Amino acid sequence: MKNKMSIHWLEETVEEISKRNLTEFTFSTGKTPSGHVHIGILREIIICDALRRIFEKRGAKVSFYLFMDDFDAAKRFPYYIDTEYQKTYLGKPFALIPCPFEDCGCDSYARHFGNELISTFKYFGIKNEIIWTYDLYQKREMQEKIRIALENTDKIKEILKKYILPTLDNERKQLFIDMQKTWIPAMVICDECNKIQYKAPDGTIQPNRVTKYLKKERDVLYECPGCGYKGKKSIYSGKLKLNWRVDWPAKWALFNATCEPAGKDHSVKGGAYDTGIEICQKVFDYEGPIKLPYEWLRFGNQDMKTSKGIVFTPNKYIKLADPELYRMLILRTNPMKHISLRMEEIPQYYDYYERMENIFYGIEKPESKEESDFLNYLYPLIKIKDVPIHKPRRIPLKLLTFLSQMQNIMSLNKLYEKAISSITTLNDESVISFEEFKPLLKRTENWINEIKHYKDSLKDEKAKRNISNKIEIFSIPKTIESKIINSLSDDQINGLKKFRDFLADNDHLDADSIQNKIFTIAKKELEIPPRKMFEALYLIILGSKSGPRLGPFTLMLDRPWLMGRLNQSLQ
Ligand SMILES: [Zn+2]
Ligand SMILES: [Zn+2]
């Protein structure tokens with residue numbers, strides 16, 4: 001017998017969560033604000049946001065947290081941080097490092113990059129609560145978790161050994177066993193140098209490990225490998241942090257995390273998630289969250305890392321494209337499959353979106369019940385705001401693409417008129433205001449510029465052509481060089497004159513009749529190859545021999561402008 005298929009992969013997690021018979025649910029995610037945070041982090045955040053919506057809709061109480069792990073120490077800095085600055089602050093917790101940019105006014109390095117990410121959430125429809133880990137460690141309830149961990153050091157060591165040892169080769173096994181002899185699961189910010197770990201010249205990281213726990217006094221002794229300072233500190237001082245493998249389960253237990261996604265580095269066998277669950281159960285007495293493993297999101301063919309490589313932030317994305325498309329991309333794709341975000345595929349994303357929306361509103365017929373179920377499930381989860389009763393009017397991307405490249409020859413008002421006339425019928429109130437139109441046009445312009453830039457960077461001609469086939473990129477020069485006009489043949493000049501007269505005589509034309517007329521002029525009236533006629537028009541409009549399909553393109557152009565251009569060329 002075949003297993004019953006879920007209508008959407010999220011339902012499998014929903015079912016697993018539901019088995020716990022809870023009335024309150026907590027979804028959690030985490031990030032260390034070590035630099036510009038790339039858009040990949042939104043994969044786990046959007047998955048959790050979808051879970052939040054699903055359980056809220058059922059009337060449950062839902063908490064959704066993002067742990068900003070700003071108590072983590074700076075192990076390295078991204079390339080765009082000044083090297084002197086790097087030397088000064090290496091080893092300090094990100095929360096205690098000042099913002100690296102002058103006159104910025106933020107409280108810390110962590111707040112600078114953390115807030116940069118957080119400020120984009122509203123555009124993606126994400127509703128979560130931020131927990132700054134450094135602040136959390138100043139609270140008694142978290143400090144109690146430190147106490148519990150210190151009193152269960154042996155138990156924690158056993159668990160870690162059980163999971164980690166089998167993954168190591170013999171040499172590293174011995175190192176691990178030796179390391180564990182003095183290991184205690186907490187570290188301390190040095191009173192002398194303010195660092196919490198030291199990066200040795202050989203590159204190894206040495207935390208300011210607690211050397212002894214004084215149970216009666218609730219104090220710890222510690223040593224700073226960086227400056228050599230030895231000190232004593234209360235576990236309630238706010239200067240202690242748990243080892244990362246213990247920090248995670250401590251937070252799960254404190255917040256009763258129901259489900260937390262885990263990137264593939266953490267979800268491997270023997271990884272921090274597995275050890276975390278067992279520590280959570282055996283040390284902190286909480287069953288732990290349901291693990292939801294997910295694959296990385298790539299940008300084109302490249303991996304994204306905070307510390308190196310390309311930086312493509314959510315902030316950058318919203319300047320180029322619709323956040324609903326991004327939510328769609330995340331939520332339509334099984335989390336175990338990798339996603340390559342490609343800005344040149346925005347038109348395909350739109351096509352998928354259109355189809356999904358049409359099926360949701362019963363305008364288009366789905367291919368199967370499965371498709372219909374899937375898309376009906378998906379659509380409400382990708383909306384930034386509430387689901388509208390009727391299908392919203394939208395200026396097609398293709399049209400926006402055209403209009404955004406005509407800004408040097410047409411006023412904003414005229415571009416707006418063009419846009420609106422294509423989506424409203426006579427007795428329809430225009431549903432997209434001028435104020436809404438302007439940012440749409442700007443976003444499209446940014447996107448086209450990004451694509452141009454990307455296309456220019458490609459070496460492979462076929463790859464370049466692929467982009468040109470999908471996205472109409474052109475530029476309209478203010479004037480056409482006389483050299484170009486002089487190169488036109490008498491037939492071409494005649495053809496252009498006929499075309500000009502045709503436009504002058506006909507006010508209401510559609511794209512097809514324009515396209516047909518160009519053919520007729522060439523084939524019937526002048527008996528020249530139509531190609532010659534098209535070339536002539538492209539040359540006087542764009543200054544090049546090819547361009548977008550002429551019928552729709554000339555229709556889109558401002559008529560007086562086009563007449564002016566034709567007249568100038570035919571003088
Ligand atoms: Zn700043
Ligand atoms: Zn020190």
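## Ground rules

Because the model is predicted, local features need pLDDT of at least 70 and side-chain atom pairs count only at pLDDT 80 or more, while totals for chains, interfaces and linings use all residues. Residues are numbered from 1 along each chain as its sequence is written, chains are lettered from A and ligands numbered from 1 in the order in which they are written, and side-chain values use heavy atoms, with hydrogens and water left out.

## The overall picture

Let's start with the whole protein. It has 25 helices and 14 strands, taken as DSSP runs (H or I of at least four residues for helices, E of at least two for strands) and numbered from the N terminus. Along the principal axes, the C-alpha atoms fill a box of roughly 100 × 60 × 45 Å.

Of the 571 residues, 51% count as buried; here buried means under 20% relative accessible area, exposed means over 50%, and partly exposed lies in between, with a 1.4 Å probe and protein chains only. Among contacts (heavy atoms within 4.5 Å) with a separation of 6 or more, 69% join residues 24 or more positions apart.

## The cavity

A search of the whole structure turns up 1 cavity of 30 Å³ or more. A cavity is a set of points, on a 1 Å grid over the protein atoms alone, where a 1.4 Å probe fits but cannot get out; lining residues have an atom within 4 Å of a point. The volume of the largest cavity is about 80 Å³, counted as the space filled by probe spheres set on the points, with grid points joined across faces, edges and corners.

Its lining is made up of L320, A321, D322, I346, Y350, L397, L400, L440, R443, T444 and W447. Two or more of the lining residues come from each of α14 (346-360), α16 (397-404) and α18 (434-457), and α18 gives the largest share, 4 residues. By type, the lining divides into 8 nonpolar, 1 polar and 2 charged residues.

## A buried lysine and its partner

K241 sits in strand β10 (residues 240-242) and counts as buried, at 6% relative accessibility. Setting aside neighbours within four places in sequence, K241 is in contact with F71, D72, Y137, P185, A186, M187, I196 and D247.

D247 in turn forms a salt bridge with K251, with the closest N and O atoms 2.9 Å apart. A salt bridge here is a side-chain nitrogen of Lys or Arg within 4 Å of a carboxyl oxygen of Asp or Glu. D247 and K251 are about one helical turn apart because they lie 4 residues from each other in helix α9 (residues 244-255). Both D247 and K251 are buried.

## More salt bridges

The whole structure holds 36 salt bridges. One of them joins D373 and K369, whose closest N and O atoms are 2.7 Å apart. These two are also 4 residues apart, in helix α15 (residues 369-382), so about one helical turn separates them. D373 is partly exposed at 22% relative accessible area, whereas K369 is exposed at 59%.

E525 and K498 form another, with the closest N and O atoms 3.7 Å apart. This pair links distant parts of the chain, with E525 in helix α22 (residues 511-526) and K498 in helix α21 (residues 490-505), 27 residues apart. E525 is partly exposed at 36%, and K498 is partly exposed at 33%. There is also a network of salt bridges, which links D49, R52, R53, E56 and R327.

## Cysteines

The disulfide count comes to 0, using a cut-off of 2.5 Å between a pair of cysteine sulfur atoms. For C48, the closest cysteine sulfur is in C259, 5.8 Å away, which is too far for a bond. C48 is buried, at 0% relative accessible area, while C106 is partly exposed, at 26%.

## A covered helix

Helix α4 (residues 109-118) is mostly covered, with 7 of its 10 residues buried. Those buried residues are Y109, A110, H112, F113, G114, L117 and I118. Their cover includes α2 (42-57), β2 (61-68), α3 (83-89), β3 (129-132) and α12 (314-320).

Key
1 Å grid on protein atoms, 1.4 Å probe; cavity = no way out; pocket = protein on both sides within 12 Å on 5 of 7 lines; lining within 4 Å. Nonpolar A, V, L, I, M, F, W, Y, C, P; charged D, E, K, R; others polar.
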